[in-house]
Amino acid sequence: MNDVLQSLFQLFESSPVLVAAYDGFDRLRYANEAFRSSYFIEPEETPFWPDLMRRNHYAKRGTVIRAADFEEWLLSTQSRRGKVGFRAFETDLFDGRWLWMTETVREDGWMLCIATDVTDLKASTREVRQDRDLAIKASYTDELTGVANRRFVTARIEDLLQGQVTDQSPSPGCLCVLDIDHFKRINDQFGHHNGDLVLKDFAKRIHRLVRRTDCFGRVGGEEFVLTLPATSLEQARLIVERMLVGVRKSRPLKDRPDFRYTFSVGVAAAQPGDTAISFFSRADRALYRAKLAGRDQIHMDDASSDRPWQIG
């Protein structure tokens with residue numbers, strides 16, 4: 001077996017095809033020579049994907065990013081990156097090459113990226129295909145905050161409910177509904193522009209704490225949804241508690257340094273027979289109880305029991 005693995009490694013290293021593997025935290029764990037040279041990575045480096053993209057963008061190398069605000073592009077892209085099992089798209093590099101890239105994601109979050117040089121293929125229709133990809137991306141993105149929108153998040157809820165159940169992960173996962181406290185009062189007192197700044201700040205702060213296997217998006221107004229695949233209720237509580245603390249520390253309005261805000265969360269664990277609607281409804285009811293209890297807190301769905309899922 002070791003000889004086989006060594007042969008595969010040598011094939012990857014000598015191949016012109018770009019090959020890379022990222023772990024569940026989006027840290028690069030392997031890249032062949034073709035990938036390292038295209039993205040300017042030293043042999044022993046293991047950068048996180050956003051850090052790699054950021055440094056190459058500002059050095060004007062690697063992938064060409066056509067966005068007025070790189071950080072907004074990064075947030076938007078990360079909100080969908082690695083959330084589906086497979087995707088394929090075209091991208092171009094500063095050196096003039098065009099790549100056809102595929103991303104294959106395992107349930108534990110590990111991602112295999114393979115890119116092939118397609119510079120000489122159908123050059124006349126490249127921009128049309130890239131415009132198509134951008135349109136698809138826009139259809140899954142919340143315009144104001146840059147995170148995933150209701151359409152994309154709903155699909156990920158369906159994916160979660162169809163997830164595999166194992167001895168190590170006895171439930172497909174949890175769903176959280178998050179709502180900014182007293183948001184109407186914020187809009188009325190400080191104006192809709194500042195209200196939008198609060199929404200953007202909230203999206204960025206929560207997204208920083210989201211694992212790549214999770215999906216966070218805005219479903220309307222001040223309401224957001226977070227899917228946590230293969231996550232227990234207790235694990236979900238710990239994740240969301242960190243988010244509550246992070247938002248409490250935020251001071252998003254530069255002209256009002258004393259302004260702060262909070263949010264409330266309802267959490268539900270998937271149950272046998274759940275649909276996306278019933279799953280969301282239970283998390284939403286838990287959110288309502290968190291609001292009634294005083295806001296700025298988590299409420300776990302009372303109906304989320306430890307009833308086992310059938311394994312196998």
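Q: What percentage of the 312 residues in the protein do buried residues make up?

A: Buried residues make up 48% of the 312 residues. Keep in mind that this is a predicted model.

Q: How many helices and strands does the secondary structure come to?

A: The protein has 10 helices and 10 strands.

Q: How do I read a sheet, and what is the order of the strands in the open sheet of five?

A: List the strands side by side, then look at the ends of the list. Here the order is S2-S1-S5-S4-S3, with antiparallel pairing. Strand S2 (28-31) and strand S3 (86-92) stand at the edges with a single partner strand each, so one side of each has no neighbour in the sheet. On average, neighbouring strands of this sheet are turned by 20° against each other, direction ignored.

Q: How many bridges join S1 to S5, and S4 to S5?

A: Strand S1 (residues 18-22) is joined to strand S5 (residues 111-117) by five bridges, and the two run antiparallel. Within this pair, Leu-18 stands opposite Ala-115 in S5. Strand S4 (residues 98-105) also runs antiparallel to S5, with seven bridges. There, Glu-103 is opposite Cys-113 in S5. S1 pairs with S2 as well, over three antiparallel bridges, and Ala-21 faces Tyr-30 in S2.

Q: Which residue takes a positive phi in the hairpin of S4 and S5?

A: Gly-109 does, with phi near 95°; the hairpin has five residues between its strands.

Q: How do I check the length of a helix, and what should H8 span?

A: Count 1.5 Å a residue, then compare with the distance between the end C-alpha atoms. The 16 residues of helix H8 (residues 192-207) should span 22 Å, and the end C-alpha atoms are 22 Å apart, which agrees.

Q: Which residues of H8 are buried?

A: An α-helix has 3.6 residues a turn, so residues three or four places apart point the same way. In H8 the buried residues include Asn-194, Val-198, Leu-199, Phe-202 and Ile-206.

Q: How do the axes of H8 and H9 cross?

A: The axes of H8 and helix H9 (residues 233-248) come within 10 Å and cross at roughly 140°. That angle makes H8 oblique to H9. Phe-202, Arg-205 and Ile-206 of H8 make the contact with Met-243, Gly-246 and Val-247 of H9. The crossing of H8 and H9 is right-handed.

Methods. Residues numbered from 1 in each chain as written. Predicted model: local features only at pLDDT ≥ 70, side-chain atom pairs only at ≥ 80, totals over all residues. Heavy atoms only, no water. Helix = DSSP H or I, 4+ residues; strand = E, 2+ residues; numbered from the N terminus. Expected span 1.5 Å × (residues − 1). Buried < 20%, exposed > 50% of the residue type's maximum accessible area, 1.4 Å probe, protein only. Pairing = 2+ DSSP bridges. Axes fitted to C-alpha atoms, helices over the stretch in contact; angles between N-to-C directions. Parallel < 35°, antiparallel > 145°, perpendicular 65-115°, else oblique. Left-handed = near helix turned anticlockwise from the far one by under 90°. Contact = heavy atoms within 4.5 Å.
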